[in-house]
Amino acid sequence: YQPEPEAPDVTIDSSSPTVGDVIDIYLGEYINQRRQPKGAKETRRILERAALKDLLASPIETLTRQQLVDVIRAEADAGKNAQAGKTLQEFTSAIEYAIGTHRLPDEFINIGELAKRSLKQAGVKLTANRRQRYLTDNETRQFLAWLPGSGFTQNHRYAMTLALETGCRTGEAISAAWQDFDLDAGAWNIPKTKTDIPREIKLPQQTVAWLRAAAMVASDSAYLCPSPEGGHVQQKSITEQAWHLRKRKSEQWQALKIPTWAPHDLRRTCRTGLARLGCPRPVAEAILGHAGDTVVATYDLHQYFIEGGEWLQKWADHLDTLRPATPRHLKVVS
């Protein structure tokens with residue numbers, strides 16, 4: 001049950017609210033109250049500085065289905081399918097909120113819903129393209145030799161190495177707190193995950209070794225990847241750094257002569273590597289924290305902690321055969 005919205009604190013001329021007015025009210029009264037600051041900031045960016053930026057001053061009542069379809073489609077045609085879909089979803093919700101709080105008349109037709117139907121009928125994809133990229137053994141060998149001098153910060157190298165060795169998400173690695181590691185037991189508890197289901201990973205010996213070295217240097221930090229401003233660095237900083245290195249065509253980036261890759265591909269590389277080694281699917285999926293089949297996930301609550309550790313150790317041993325003679329990736333700079 002969702003209670004009716006309270007009477008608005010902000011009023012606008014109901015005869016001529018603009019697209020910007022509707023967005024401002026949605027952000028100020030709904031989003032800012034229900035989402036974390038980071039999420040609220042991202043929603044504002046999507047609605048005010050992305051596809052809709054040229055429509056903000058337009059009266060909402062004169063906005064046509066075709067206008068909205070055109071700007072969303074242009075965003076999708078530029079390869080930003082997921083952002084286009086998110087923009088349309090949030091804008092549709094903003095209009096619905098304006099109707100619910102009587103900023104727009106009850107009979108007002110939500111132009112966002114009409115645009116969704118048109119785009120669906122036209123076959124416009126509004127979700128991210130599914131990636132299938134992973135690094136082959138040869139590419140992984142090159143990557144491991146390249147990473148120390150790649151131009152990525154030490155925090156980024158930690159996060160990517162952890163993702164490659166354990167199959168974790170880079171966001172999980174970036175936000176890893178030292179209190180969540182039990183290095184004596186070789187265990188890492190991940191309390192916050194994308195699926196909201198905590199999980200525990202049995203770490204390979206190689207991972208424990210470089211984490212111990214990192215912990216000695218970062219004795220005054222609460223996080224594996226600390227930020228100078230406090231807390232941990234942001235996950236997007238990895239992809240942003242990769243984008244800058246690629247965009248500038250830096251010597252460091254060009255030194256890695258493999259097809260285009262993304263940091264998240266390292267997680268997929270681990271999963272693919274486990275499969276090649278013969279890891280049973282339920283164990284591999286548990287390592288990555290995938291929910292799996294709904295029925296199986298509901299009744300099979302075993303987390304495969306021991307089994308997962310055994311297979312991650314096999315994967316780490318395999319990675320050792322691909323590393324350069326001097327494993328510089330383990331070097332920790334104070």
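**Entry 1. Contacts and overall make-up**

I looked up sequence separation among contacts (heavy atoms within 4.5 Å): residues 24 or more positions apart account for 70% of the contacts in the protein chain with a separation of 6 or more. The model is predicted, so I note that local features need pLDDT of at least 70 and side-chain atom pairs count only at pLDDT 80 or more, whereas totals for chains, interfaces and linings use all residues. Residues are numbered from 1 along each chain as its sequence is written, and side-chain values use heavy atoms, with hydrogens and water left out.

I found 15 helices and three strands in the protein chain; helices (H or I, at least four residues) and strands (E, at least two) are DSSP runs numbered from the N terminus. Of the 334 residues, 45% count as buried, where buried means under 20% relative accessible area, exposed over 50% and partly exposed in between, with a 1.4 Å probe and protein chains only.

**Entry 2. Nonpolar cores**

I took a nonpolar core as a set of buried Ala, Val, Leu, Ile, Met, Phe, Trp, Tyr and Cys residues joined through side-chain atoms within 4.5 Å. The largest has 52 residues, and F143, F152, F181, W188, L224, W261 and L274 have the most contacts inside it. Helix α7 gives the most to this core, with six residues. Another core, of 33 residues, lies apart from it and has Y97, A98, I99 and A115 among its members.

I then listed the neighbours of F152, leaving out residues up to four places away in sequence: they include W146, R157, M160, I238, L245 and W261.

L245 itself lies in helix α10 (residues 236–247). L245 has a relative accessible area of 1% and is therefore buried. Beyond four places in sequence, L245 touches S150, G151, F152, S250, Q252 and W253.

**Entry 3. Helix α12 and its partners**

I fitted axes as lines to C-alpha atoms, for helices over the stretch in contact, with angles from 0 to 180 degrees between N-to-C directions. Helix α7 (residues 154–166) and helix α12 (residues 265–277) pack at about 25°, with their axes 7 Å apart. They are therefore roughly parallel; angles under 35 degrees count as roughly parallel, over 145 as roughly antiparallel, 65 to 115 as roughly perpendicular and the rest as oblique. Their crossing is right-handed, meaning that the near helix is turned clockwise from the far one by less than a right angle.

At this contact M160, A163, L164, E165 and T166 of α7 meet L266, R267, T269 and C270 of α12. These residues divide into five nonpolar, two polar and two charged; Ala, Val, Leu, Ile, Met, Phe, Trp, Tyr, Cys and Pro count as nonpolar, Asp, Glu, Lys and Arg as charged, and the others, Gly among them, as polar.

I next checked α12 against helix α13 (residues 281–288): the axes come within 10 Å and cross at roughly 160°. That makes α12 roughly antiparallel to α13. This crossing is right-handed. R267, R271 and L274 of α12 make the contact with R281, A284, E285, I287 and L288 of α13. I record four nonpolar, no polar and four charged residues here.

**Entry 4. Loop residues**

I located H102 in the loop between α4 (81–100) and α5 (111–121). H102 has a positive phi of about 65° although it is not a glycine. Most residues other than glycine have a negative phi. At 58% relative accessibility, H102 counts as exposed.

I placed S58 in the loop between α2 (37–49) and α3 (65–77). S58 touches P17, T18 and V19, residues up to four places away in sequence not being counted.
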